[in-house]
Every structure is written in C-alpha cells, then in structure tokens.
Amino acid sequence: MNMVKPLIQVDEKGFYGKFGGAYIPEMLHPNIEELRENYESITASQSFQKEFKSLLKDFVGRPTPLYFASRLSEQYQAKIYLKREDLCHTGAHKVNNTVGQIILAKKLGKKRIIAETGAGQHGVATATVCALMGMDCTVYMGELDMARQKPNVERMRILGAKVVPATSGSKTLKDATNEAMRQWINNPVDTHYIIGSVVGPHPYPEMVARFQSVISEEIKWQLKSKEGTENPDIVMACVGGGSNAAGAFYHYYNLDQVRLIAVEAAGLGIHSGKSAATTALGTPGILHGSKTLLMQTEDGQVTEPHSISAGLDYPGIGPVHAHLFDTGRAEFLAVEDEDAMKAGIALSRTEGIIPAIETAHAIHALNMIEYKTDDIIVINLSGRGDKDLDTYIKWGGY
Amino acid sequence: MNRINNLFHTKNERVLSIYFTAGYPKLEDTLGIMEAIEEAGADIIEIGIPYSDPIADGPTIQESNLIALENGMSMKMLFGQLKDMRSTIHIPVVLMGYLNPIIQFGVEEFCAKCKEVGVDGLILPDLPMQQFLDEYKEIFESHGLRNIFLISPQTSEKRIREIDLYSNGFIYMVSSHSITGAKSGITEEQISYFERVKAMDLKNPRLIGFGISDQETFQKASQYSHGAIIGSAFIKILGQTPENQKEAIVAYLKKVKN
C-alpha cells in the first residue's frame, strides 16, 4: 500500500519544503548534532514523557480550558472557542516548551541554560524552569527591551536568572538571539540553549513545535466532548516566530478541512516601513540558522521590524510557517497596532479576559475573515495581558 | 594555479593572513588597506563582507560591520572597489561573509564577480559542510574559488578528516571555544588541541585564527601550524588611526612579523 506523504512534515535534513535546515557555524556543529541525534529518542522515552506530562499537569496547570466565548460568539455569529494558554503558569504558552527543553537538557547532562527573550515571556518561562530544576540560567535580552519590559526583567532576577543586555544592532529580540548564539559558541560543552520559538537551526523548529503541540492535542479531545467533533472549521493564532501557532496548528497540519489562519503584526501598516508582517514583506533568506522568509534589504541585510507587541517584533518567521504560507496551507493576515489594541480592550469587556497584545492581533482578525454562521472557530489565546499593562495605559483608548 | 595553493606551495610557515571589514572605518578605505597589508609583507588578505547579523563575531568585528553598513557598503559597491585590485595586489584575496547577502546577490553572479576581480577563496562561517557539498561545491569550483572550512576544538577527528578531504586551500583552525576577538593569549589546553590536529598530518595547510593579536600569539600559533590569522586586533588598529592609516598598518604588521 502506498502511504501518502503528509504535506506538512519536516524531512531528515530539517527542511519543510524549501525552508529550514541548519545554517550554523562549524563551532556549533557538535551541539546541534548532539541535539539532533538524541532529542527524538529522549523525548519518546517513557521516563521523559512521564516527567513532561506530570510537570505540564501539576506545575504548568494543564490541560488549559477550551472556553466557549458566548458573548463573542453571539457578536460574530459563530461558535468561538478560546484556548486558554493565558492560564498557564507564568502567563503564556511559552512554558510548555521550556519544561520540555529543561528535561531534555538535564538528560543530556547539561549544567547551564542560556536563552534569548524579546518581551521577556520566554525569559521568565526559562528562568522559572531553571529555578525548578536548580540549573544556572542566563537570559540575553535586547537593551531596549530591558527598558521596555522592566517587570519581566525583575521577575527573571527574582527567579535567580542573570539577565544580560544585548547591546548590538537594534538592541531587540533579533540581537538577543544573535548574542545567545555567540554565547553558545563560547560555551559549547556544558550549556544548552533553550530557543523560545519555532526558529533557529534544525532540530529546534520541529522540537519546539512538538513541545507546543500539546495545545492542539488538547483542543481535539476538548472539542470532541463539547461539539462532538475533534475538528473545528478554523484555527487562528498570532505569529511572531510562530510557536503558539505551531502548537495550535500541529495536529491539524494535514487535515485539509480545518482552515489554519496565522495573524502577523502589521505595525503601523504593512507598507509603512514600521511593520513585522513577514510573509507580506519578506523574501527567502537565512536568519538564525534556518532558511525562511525574512524582512531584508535588497542587499540581504536584515531590516528592523516594528510591532506594538514585543512578542511579534521579529523580522523572520519559523520555517514551518514559511512553508505553510508557500504551500497555501495556511492563510496569513496582518493586523495593525491600533486594531490589535482595540481588540484587546473589546475582548476584555466582552469576555472578561485581558489578552496579551500579541493575542489581540488574532482576536481582531475575526473581522477580516469569511466564515459561515455557526462555524466553529478556535482562537489560541496565547498569553495574558498583565505584562502589557504599561502599553495599554500609554495607548489609553479605553 | 590558484594564488592560495601557490602561496602554500612556496611558503609553509609563518603565513600571516589579515582580516578587515570592507567599508570600515571609511567607505573608500578598501584598496588602500589592501595595499598597505601587502606592502607590510602579509601573505593573505581576508575581506569581510559586512552583515547586519554576524553571529560568529565578537563586539569589535560586529561594530565594524555596523559602521561599514552605515557608511553605505554593499556587495555591489565592494565588487566595484575591487574591480582593478589585481593591478596592485598580488597576494591571495579571500572574501569572508555570511550566506544571506550572497544568496540575495545571487550565488552564480557572486561567484562570477569573484572570478572576474581575482578573488581566490571564500570563508562562509554559516555555510555548513553538507550544504556546501549539496549546493555550492560545484559552482565554487567552476569559478576557481577555494572554500575555506573552519574547525574548532570540539570538531571530531572524523569530521576534521572529512573537512580535509573536501578542502583545497587551507583549513581555518578556530583557536578556542569562542567568537572572534573573545580571548587573547594561548593556553595549555589550546596547545594540546593544536598538537592533536598537527599530528593528524592533514593534506591541507592549517592557519590558526581567533585570539591572535600580536607578535607573541602569532609566533606561538605558527609553531603548531602553517601560520595565523589576525582580525579583531587589526580592526582595532584601523579604528584607532583614522589618520596615517597606511603607516599604522605597516608598523603594526612589521611588529607582528618580526
């Protein structure tokens, strides 16, 4: 019997179609090889699965609810469910991945953890699991982001992590990632680098997506018990690097009847020069070790993105999303700062949930899509808005 | 014969290779710096193609990349500056850069330009061996370009042998676990790594780079290899001497070679 090869699948060299791979300096080759050779067998082992599931349940607080948003549903004439990743410990989906990677790091015999962070959510989630496991933790964060996201800097420090400013380039997430990679080159033997999104060299994009795939795994059985079907009509999620979207899409990649909608940040407008809408503006290129869609000049220099939400403020996108875009498997939309802020306020007042501004982009996209009355729409509510209080206050339109 | 092969054919010790970033400190400095390097008696010139995200480089070279880009350096401009370099430059010239600007320029066009202006080899830190073999080897070779691979203290013996097999120029030995310019001085641990690789009796010559900054480190590295590469320390000299650039370069390199 011929097996039909699923459309969305990573190949053995780490490519999703044209995108992915591992474009890394030779100095990191042994580290990446060690991960590539071991992560599948370690993460498939019984002892890993037992520890991972137990921590997701009792430490993270999973399963997170799949909440039927009745007032929002009434307003949009659809059955809208919110996957409540905002109720995870530390306030966002990021911790699903850091729990997985810290167990993996321990099993690989690593003693130190490094990580990059933009808004600080991944940094906090990393500092949290390092505290849990008693591991030394250093987080690289753009100098500009450190000033913008002061409370998260202090949260990391309270948790015992060292926060090091990245002072090169634009002093934001891209530069923090460069700095973390440099520090991994400088400390290759005892250190594991916990990347926070589905970006970086193979096997990171697939590994992070698998740790996040618990989101769609839960959506399936939760929806079955509420609606009698595992499959919604539409799954929507915001995309910066794309880890929450990868998690929400994962078990639906190859179910064509489920529409996948990825929502990027248009910033001040896609063509304003102040945007982070990578699929709209990007061209194929290489950043942080993988071939993907990338915002860049004609000359191949990476350009500075802009979004009001620090978590979407990234000039690339995970290679799996570049592939979803390239094959047309997912629809990509871009939402401007102003519309996202309004959607954040609207959700707060309609459902009593203040979302992260990243997530608010996905909420606004309800206004941009076509659907049938009573379609089941699942929106991944990737994070809560506490960290964004300052931005909400400064914006003020409430 | 390729100038790199020719060089090692006639000289197999104390080979000195000098790295600088194109467009730094001033946009139009490229050819003048190259001429001074040759005049001072260095053996190879490595020209860095500036990139916004140089992940294998430390603060000194990062800064030089940033300033070069702010000055307006681009691939097109660089090839324009190098157009007639072979009327004054006789030693091997190697371009060092990251893959993305080359892909955007067009790999085929890039290689053709390299051949046209007289570039002899390429050092592309984020082009791994497998990708090189799959996608780049043929086109580099058809343009007479030598691909220079890096090895580090962590590179396994098996992989060093493979790299040796696919190299035809020299092997760039990264001296320690580090990005460029991160450490200075040479430790016992590094010496045992240099000796280990030396004992492997590779077919390609080896140059040691990263952490080489002065006469002492150059001498020491040369004891265990065919020579060494200076990058960050040279960039610092360029940054400190906006005037009398040529004299400063010649004085510094004479001291290193002494």
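Me: Which residues of this predicted model are linked with Lys83(A) in a network of salt bridges?
Reply: A salt bridge is a side-chain nitrogen of Lys or Arg within 4 Å of a carboxyl oxygen of Asp or Glu. Side chains of opposite charge can pair when their charged atoms come close. The network that contains Lys83(A) also holds Arg62(A), Glu85(A) and Glu218(A).

Me: What pLDDT is required for side-chain atom pairs to count?
Reply: Residues are numbered from 1 along each chain as its sequence is written, chains are lettered from A and ligands numbered from 1 in the order in which they are written, and side-chain values use heavy atoms, with hydrogens and water left out. The model is predicted, so totals for chains, interfaces and linings use all residues, local features need pLDDT of at least 70, and side-chain atom pairs count only at pLDDT 80 or more.

Me: How far apart are the closest N and O atoms of Lys83(A) and Glu218(A)?
Reply: Lys83(A) and Glu218(A) form a salt bridge. Lys83(A) lies in strand S4 and Glu218(A) in helix H10 (residues 214–227) of chain A, so the pair links distant parts of the chain, 135 residues apart; helices (H or I, at least four residues) and strands (E, at least two) are DSSP runs, numbered from the N terminus. The closest N and O atoms of Lys83(A) and Glu218(A) are separated by 2.7 Å.

Me: Is Lys83(A) buried or exposed, and at what relative accessible area?
Reply: Buried means under 20% relative accessible area, exposed over 50%, and partly exposed in between (1.4 Å probe, protein chains only). The salt-bridge partner Glu218(A) is buried, at 6%. Lys83(A) is buried too, with a relative accessible area of 0%.

Me: How many residues of strand S4 of chain A are buried?
Reply: S4(A) spans residues 79–84 and is largely enclosed by the rest of the structure. The reason is the number of buried residues, which is 5 of the 6.

Me: What is the bridge partner of Lys79(A) in S14(A)?
Reply: Two strands pair if DSSP finds at least two bridges between them. S4(A) runs antiparallel to strand S3 (residues 66–68) of chain A, with 3 bridges, and Tyr67(A) is there partnered with Leu82(A). S4(A) also runs parallel to strand S14 (residues 376–381) of chain A, with 6 bridges. In S14(A), Lys79(A) has as its bridge partner Ile376(A).

Me: What area do domain 1 and domain 2 of chain A bury between them?
Reply: An automatic or database domain assignment supplies the domain bounds, giving domain 1 (17–45 + 94–207) and domain 2 (58–91 + 213–395) of chain A. Contact, meaning heavy atoms within 4.5 Å, involves 36 residues of domain 1 and 38 residues of domain 2 of chain A. Buried area is the accessible area (1.4 Å probe) that two parts lose on being put together, summed over both. Carbon and sulfur atoms carry 61% of the area buried here, which is about 3000 Å².

Me: How many salt bridges cross the interface of domain 1 and domain 2 of chain A?
Reply: Arg148(A) forms a salt bridge with Asp313(A), the closest N and O atoms being 3.6 Å apart. Across the interface of domain 1 and domain 2 of chain A, the number of salt bridges found is 3.

Me: Which helix of chain B holds both Glu141(B) and Lys137(B)?
Reply: Glu141(B) forms a salt bridge with Lys137(B), with the closest N and O atoms 3.4 Å apart. Glu141(B) is partly exposed at 45%, and Lys137(B) is partly exposed at 24%. The two residues are 4 residues apart, about one turn of the helix, in chain B's helix H7.
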